[in-house]
Amino acid sequence: MVRIYKATMILACASFLAMGAAAQQAPAPISLTLKRCLELALQNSKDIKVARIQASVADRAAMIGKADFLPNLYIGSGAGYTYGIPETPGGRAPSVFNLTYTEQVFNLPLRGAAKEQQEQAKAQKILLEDARNTVIAGSATGYLELVKVRHSLELLKKQSDSAERILEVTQERANEGFELPMEVTRSQLTKAQVTQKILQLEGREDELETYLRDQMGFTQNQEFDLAADELPGAAEQEGANLVAMAMENNVDIRLAQSNVRAKEFRYKGEKGGFLPTLELVSTYSLLSDYNNYSLYFNHFQKNNFNAGVQVQMPIFSARTKAAVGLADVNLQVAKATLENKKSQVSADVKKKTRHLLEMDAAKEVARLQLQLAQQSVSAVQSQFEEGKTNLRDVERARLDESDRWMAYLDAAFQRQQAQLELLRTAGQLDKVLE
């Protein structure tokens, strides 16, 4: 018996120590506000990191087009065996060493293509802003929904207690012959429905917590508490003001405008293909008599240098005419797309403004229904204290109050979603960070 006691004590101590170690390893919960959650999401978002890389790639691509108008210096060699007149496949004389300098001075088609690439790089930065807005909207929605879910779970646990008490009272009355078996079944159904809702919300809570941890860069075992924040900023502005803001700040419109500018650069550049081009060129070559230059030329010298400009005057170019036509069509398509996008965004802002007003009304209805349910609980409680009603009626009134609370939470969250959508469409989503 003593050995068994000692073994039991050893196991108990080991379990206690293991629990203590686990408690020490578990990080303490972090208190988060909506603003802090969004700041962490913006710092750690993988989507924003990818968008930054894509913007950097676009910048590098634009630099390639611009490089033709900067000094370019090349060194090389054309040394090789020759039989007959010395020349290389490129038409230049074979050389032991050569140095070439080029720089475009006036070439409108190349200039237009380079400006088009630069404008496309700017468009990629707009897409980076869009990725940032997506992170803000997604994280804010997840945060606000998680606040709602956690509050709803608290209400449901109270509902579960009320449903349990109703079931107990109903079973007692049924055993005494004062209730039909159907009432017992109805009470069992109410309790089962509450249990089902709890399980559904616990699953949703786990999904939202996982999503927010990933967005904020937390470990998967990091717990966090949320403040019941409201969205800052004034989304409830005049519809016309929001339309004007959207015309200036909406991401889709800004991308369409950038595309029009890019196509205009390309069109003007291609039209310039009918004009001459001018390029600075310079070449230095070190030749060797090994290639028998003295046999085919009157004079041979090792060091050779040439510098000047190369001008090309187009007389007839079918390619230029076709390129101008294509650039013109692309420009017209871009302008039409921009006008369509403006019409769509204007209509979308007005629609979402109306939807926000509807959500305001729905939230007010839910608030009044909740207030009525709370007043009903007070009335039934007073009747119970006076002996005019029973405990089951009190608990049913509390169940109804809890349902109204959850309906109010849903209405408030839907209103917040509508506000976020309106802010994003109007290009004012940064107000959430204020």
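Which residues does Ser 77 touch, not counting residues up to four places away in sequence? I looked this up first, taking contact to mean heavy atoms within 4.5 Å, and I found Ser 95, Val 96 and Asn 98.

I note that this is a predicted model, in which local features need pLDDT of at least 70 and side-chain atom pairs count only at pLDDT 80 or more, while totals for chains, interfaces and linings use all residues. Residues are numbered from 1 along each chain as its sequence is written, and side-chain values use heavy atoms, with hydrogens and water left out.

I then placed Ser 77 in the loop between strand S2 (72-76) and strand S3 (97-106), where strands are DSSP runs of E with at least two residues, numbered from the N terminus. The side chain of Ser 77 reaches the backbone oxygen of Val 96 at 2.9 Å and that of Ser 95 at 3.3 Å. I also looked up Leu 287, which lies 210 residues from Ser 77 in sequence, with 9.8 Å between the C-alpha atoms.

Next I followed the strands into an open sheet of four, ordered S2-S3-S5-S6 with antiparallel pairing, where two strands pair if DSSP finds at least two bridges between them. S2 and strand S6 (303-312) stand at the edges with a single partner strand each, so one side of each is left without a neighbour in the sheet.

Lastly I checked S3 and strand S5 (residues 277-286), which pair in the antiparallel sense over nine bridges, and I noted that Gln 104 stands opposite Glu 279 in S5.

Methods. A polar contact is a pair of N or O atoms within 3.5 Å; within protein, one must be able to donate a hydrogen and the other to accept it, and residues adjacent in sequence count only if both atoms are side-chain atoms.
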